[in-house]
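Today I am opening the notebook on charged side-chain pairs. Have the model on screen and follow along with me.

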Amino acid sequence: MHVLFFFLALTLARTIPLEDGVHHVQGIVVDGPKLWVTSVDRIARRGWLTEYELETGKRIRAVEVQQGEMFHPGGFDHDEESLWVPVAEYRPGGQTVIQQRSKRTLEIVSSFAVADHIGALAVLPEGLLAANWDARRLLLFTREGRLVWSRANPHAARYQDMKRRYGSIVAAGLLGRGEAARAVVDWLDPDTLTLLHRETLGRTDRGVPYTQEGMDSRDGLLYLLPEDAPSRLFMFRLEP
């Protein structure tokens, strides 16, 4: 049984500018006092994992994550000791390497290859839930890289970042394309992927959908990082 509190309102509680900005944002992880961000520099063909101080937005350190033609990090997640980061070729159907990186050193602890572009990843007790380009398919891998199952995404949303939080899968992304795209956050049953609840958000004052890129949820707050440099972290209070 999965316990889920439904939310009637999302209230913007705070906005934090990130020091030095980032490149093209892909995913975020809120980890206690830290904010981790993945981003891609398309011109230089480099991918980045950057650590920030959550309270102030101060940049602490960064490391490049690309491997050969795979330079596009995606939405990612963490466990107690590690960050799990997909790094893919920048095209649909491209190859991906799933990197397990030490939070302490940022060095690669282990990795495995996937013959598809993985754009988002969530850490589950039973393995790693992944979404490919535009989240057309959802896949479950063991932490050693064995594919357990692959299913068509039963929902229309193009998920950009996913997490397992408080008994459900929280997945943020877009419905539709271009100016008509809607920002949505879905709560899914982790066993059946049934849609339990959906919240629709608007756009920033720069016209960017709030769920265009990075998302995490912790302690009654929804964290969103939709904009490229100068990037701002938006913190929404989830109100029951």
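Is R232 buried or exposed? I looked it up: R232 has 15% relative accessibility and counts as buried (under 20% relative accessible area is buried, over 50% exposed, in between partly exposed; 1.4 Å probe, protein chains only).

I noted that this is a predicted model, where local features need pLDDT of at least 70, side-chain atom pairs count only at pLDDT 80 or more, and totals for chains, interfaces and linings use all residues. Residues are numbered from 1 along each chain as its sequence is written, and side-chain values use heavy atoms, leaving out hydrogens and water.

Next I checked the partner of R232: D205 makes a salt bridge with R232, with the closest N and O atoms 2.7 Å apart (a side-chain nitrogen of Lys or Arg within 4 Å of a carboxyl oxygen of Asp or Glu). D205 sits in the loop between β18 and β19 (214–218) and R232 in strand β21 (residues 232–239), so the pair ties together parts 27 residues apart in sequence (strands are DSSP runs of E, at least two residues, numbered from the N terminus). D205 is exposed at 67%.

I then looked at D186 and R198, whose closest N and O atoms are 2.6 Å apart in a salt bridge. This pair ties strand β17 (residues 182–188) to strand β18 (residues 195–201). D186 is buried at 0%, while R198 is partly exposed at 29%.

My last pair was K34 and E51, a salt bridge at 3.6 Å, N to O. K34 is in strand β3 and E51 in strand β4, 17 residues apart. K34 is partly exposed at 28%; E51 is buried at 3%.

For the tally, I wrote down 18 salt bridges in the structure.

Technical notes:
Helix = DSSP H or I, 4+ residues; strand = E, 2+ residues; numbered from the N terminus.
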